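Subject: Structure handover

Hello,

Here is the structure we talked about. Please open it beside this email and follow along.

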Amino acid sequence: MIFCFDIDGTLLQTKYDVNNGYVVQLAKIELIALLNKLYNEGNTIIIQTGRHWQWLKQTKQQLDDYGIQYHTLIMGNVVADVYINDKAFQPEDFCKIYGGD
């Protein structure tokens with residue numbers, strides 16, 4: 001399957017600062033662990049964000065800092081089977097459905 005995860009408000013709680021970009025306040029460790037499990041099981045993981053391109057380097061660094069595994073990082077909308085973000089498929093509901101072992 002193809003899973004598309006949002007960053008802000010989904011994988012990471014961030015606060016936008018005009019000068020410093022997206023400052024991470026909290027990482028959603030349980031959701032990140034589930035994302036990495038799906039990645040390791042052979043699913044395709046797309047990270048999609050509405051962040052401006054000027055924050056691309058910072059965004060990649062944050063994904064690395066929190067060990068978030070992914071195949072593609074996209075700024076803009078994509079086609080996926082499942083979208084996990086703070087406005088569609090809520091992270092908590094996703095964990096309940098896909099996280100049960």
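Cys-4 is buried, because its relative accessibility is 1% and the cut-off for buried is under 20%. Keep in mind that this is a predicted model.

What about disulfides? Cys-4 is in no disulfide. Its nearest cysteine sulfur belongs to Cys-95 and lies 16 Å away. A disulfide needs the two sulfur atoms within 2.5 Å. Cys-95 is in no disulfide either, and its nearest cysteine sulfur is that of Cys-4. Cys-95 has 14% relative accessibility, so Cys-95 also counts as buried.

Now look at the helix that holds Cys-95. This is α3, residues 91-98, where Pro-91, Phe-94 and Cys-95 are buried. Why do these three sit on the same side of α3? They cover an arc of only 100 degrees around the axis, and that puts them on the same side. An α-helix has 3.6 residues a turn, so residues three or four places apart point the same way. Lys-96 and Ile-97 are exposed, on the other side of α3.

What do the buried residues of α3 pack against? Their partners are β1 (2-6), α1 (29-40) and β6 (82-84).

The largest nonpolar core has 20 residues. Phe-3, Phe-5, Leu-11, Ile-47 and Phe-94 have the most contacts inside it. Which elements give two or more residues to this core? They are β1, α1, β4 (44-49), β6 and α3. The largest share comes from α1, with five residues. As a general point, nonpolar side chains in soluble globular proteins tend to be buried together.

Take Phe-3 as a case to click through. Leave aside its neighbours within four places in sequence. Phe-3 is then in contact with residues including Leu-38, Ile-45, Ile-46, Val-82, Ile-84 and Phe-94. Asn-43, Thr-44 and Tyr-98 are also among its contacts.

Last, the hairpin. Strand β2 (residues 12-17) and strand β3 (residues 21-27) run antiparallel. Six bridges join them. Which residue of β3 is the bridge partner of Thr-14? It is Val-24. Three residues lie between β2 and β3 in this hairpin.

Best wishes

Terms used
Residues numbered from 1 in each chain as written. Predicted model: local features only at pLDDT ≥ 70, side-chain atom pairs only at ≥ 80, totals over all residues. Heavy atoms only, no water. Buried < 20%, exposed > 50% of the residue type's maximum accessible area, 1.4 Å probe, protein only. Pairing = 2+ DSSP bridges. Helix = DSSP H or I, 4+ residues; strand = E, 2+ residues; numbered from the N terminus. Arc of directions from axis to C-beta. Contact = heavy atoms within 4.5 Å. Core = buried A, V, L, I, M, F, W, Y, C linked by side-chain atoms within 4.5 Å.
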